[in-house]
Amino acid sequence: MITAAQTAVAKPGSPKASEPVDPIFRQIRDLVYKVSGIFQLEEKLYLLADGCGRRMKQVGSKSPRDYWDLLTAHSSRDAELRHLLNEITIGETCLFRSPPQLDALHKVILPELVADKTKQVIKRLRIWSAGCSTGEESYTLAMNMLEQSQGLLKDWTIEIQATDLNDRSVEAAKAGIYGDYALRATSDYFKRKYFSPIDEKKLQVRPEVKKLITFSRLNLQDDSKMLFMKGMDLIFCCNVLIYFDGPSKSKVIDHFYSNLNFGGYFFLGTSESLMKLNDKFHLVHFPGAIGYWKPSLKSGKL
Amino acid sequence: MSTSVTTLIREHVKRIETTPSIPTVFLPLLELLNAPPEEVKLEEIIKLVSYDNTIAAQCLRVASSPLFGLSKPPESIKGAVISLGLRRVETILLTCCLGQAFPAKQWALDPTLFWRHSLGCAMVCRKFSEKLSAADGDKAYMAGLLHDIGFMVNCLAFSKDFSTTVERALREQIPLDEAERAVMGFTHCETGHALAEKWHLSDDIMQVIAHHHNPEQCQEGKPLVALVHLSDLLCRVRGLGYGYYERRKVDLVHNSSWTILSQEYRDLEGVDLARFTFELDQDVAEIYEMVSTIFGAVAARN
């Protein structure tokens, strides 16, 4: 018998902030969703309130209501929203950040991609970590691909392109050195297998993992460069699109769509959505994860 | 399905009468609650429930749990309705009744998981129909609550085969209805339909029970069946499934049920599915707590 205790699907974070939050934060939550596609769950609303609190201190707003005015006033809204988005997405990055995405990858997507490509001469998978920041996501993907290298992906070549706008981030990503905080969700198994200690507090990613990844600087708004990123099977772009305004966001998403192979998948951050910015992608659900699919040619659903 | 299988199922369902049967108040209660909101006869519901001491006591016990945060536990069903609202009390009553009808010890499925899914689906159905500005949210709720009732019949009347089915679904990470077809040759849709006939449930609910896995094949009331089909799928990818990983991707928008609904409801076009999914996540924790409180009460009785 299946029991609730055995359930593979994790119970969602237990509720709930002890104090009720000011209703204005729900308004801010909806505004943030409208401009960025990031949705703060009710039980995480206090995180949004904390972020607003820090911004309020810096700009000298006396009350959440004052801050709301700042966020909506024509003269200040764009700049302040950007600051706020920075505030609420900061420090979110870590390795193994979204287990449901990785489960979907192992259990559904890789078997599907491998089956689709069996007739191809070159067994190759291309993955793009777009807006890779300091490399956490890229290495997580690389390690997970290596885990399949004796099974599903035996004899396959894996190429991961990892790009970011920020030079310093790209350098840090190349170094691949992480402390406890970035590794808080990484199991001992992965730490032992794919990292070497460099001092008491830090671990460095091993060369065999790095070998899979090419790090480089790229501006997602640079159309000519974007045209060179063709032939991807998977694209991950976590908490990056939130910084673009509507029209440039649509353009970047169109690029992602055309850079994907038919049958490929595009993933955003766990609480992020494309809203209704692109109607070519199919929004698909996996247990606990949302992805965007570019239909394969044979599915006839273009 | 062949007539002989239908006859076999009917025979088995008939025999369920020898096991603890459904509380006498259940069906009249269902009928009263099925009435349009403006016609719900509160006094009659209260009177009806008061006939069955066990149900009334259970309802009060659940209503007094910390989950509902009442400063003073209600002393009567009327008090519970006043402080919790009719809808909440409805849920509690129906679940207590059904929980009593089916003893815990014969379950191949963990009742906790069953109730989480049933209540979760009921809630999603109601919210979905609100998004569509559909008139009858309560009907949708009822349909969601009862759609999988055939699993109960399976547990009672086909317990051995159904245990094999559940094991197979778990092992192969496939949907239960697929495993049912492979192992038993029929599904909970058919067994649920036989029970619904016996209980004289209304036609539209009967259609939902019989066709929620193949809405395009039902003759009448397609939109409601389609709504339950989609809500069911959504629950199963957002932590309200049957407690194991179902290896598949779910494309709700390119599902025939979505098309059926879009022909009926214009508002569907405006639904932001990602956001609807995130909003659902907010309620999952509440469903978990509600079920452990209700089911805790039922288990204590057995």
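User: Leaving aside neighbours within four places in sequence, which residues is B:Cys59 in contact with?

Analyst: They're B:Val49, B:Ile77, B:Ala80, B:Val89, B:Ile92, B:Leu93 and B:Cys96. Contact means that the two C-beta atoms, placed from the backbone, lie within 7 Å. Keep in mind this is a predicted model: local features need pLDDT of at least 70, side-chain atom pairs count only at pLDDT 80 or more, and totals for chains, interfaces and linings use all residues. Residues are numbered from 1 along each chain as its sequence is written, with chains lettered from A and ligands numbered from 1 in the order in which they are written.

User: How do you know that helix α4 of chain A has the span it should?

Analyst: Helices are DSSP runs of H or I with at least four residues, numbered from the N terminus. The expected span is 1.5 Å times one less than the number of residues. For the 13 residues of α4(A), 77–89, that gives 18 Å, and the end C-alpha atoms are 18 Å apart, so the two agree.

User: What makes A:Leu81, A:Leu84 and A:Ile88 buried?

Analyst: A buried residue has 20 or more other C-beta atoms within 10 Å of its own, an exposed one 12 or fewer, and partly exposed is in between, with C-beta atoms placed from the backbone. These three of α4(A) count as buried. Seen down the axis, the buried residues fall within an arc of 65° (taken from the directions from the helix axis to the C-beta atoms), so they line one face. They pack against α1, α2 and α3 of chain A, while A:Asp78 and A:Ala79 are exposed on the face turned away.

Key
Helix = DSSP H or I, 4+ residues; strand = E, 2+ residues; numbered from the N terminus.
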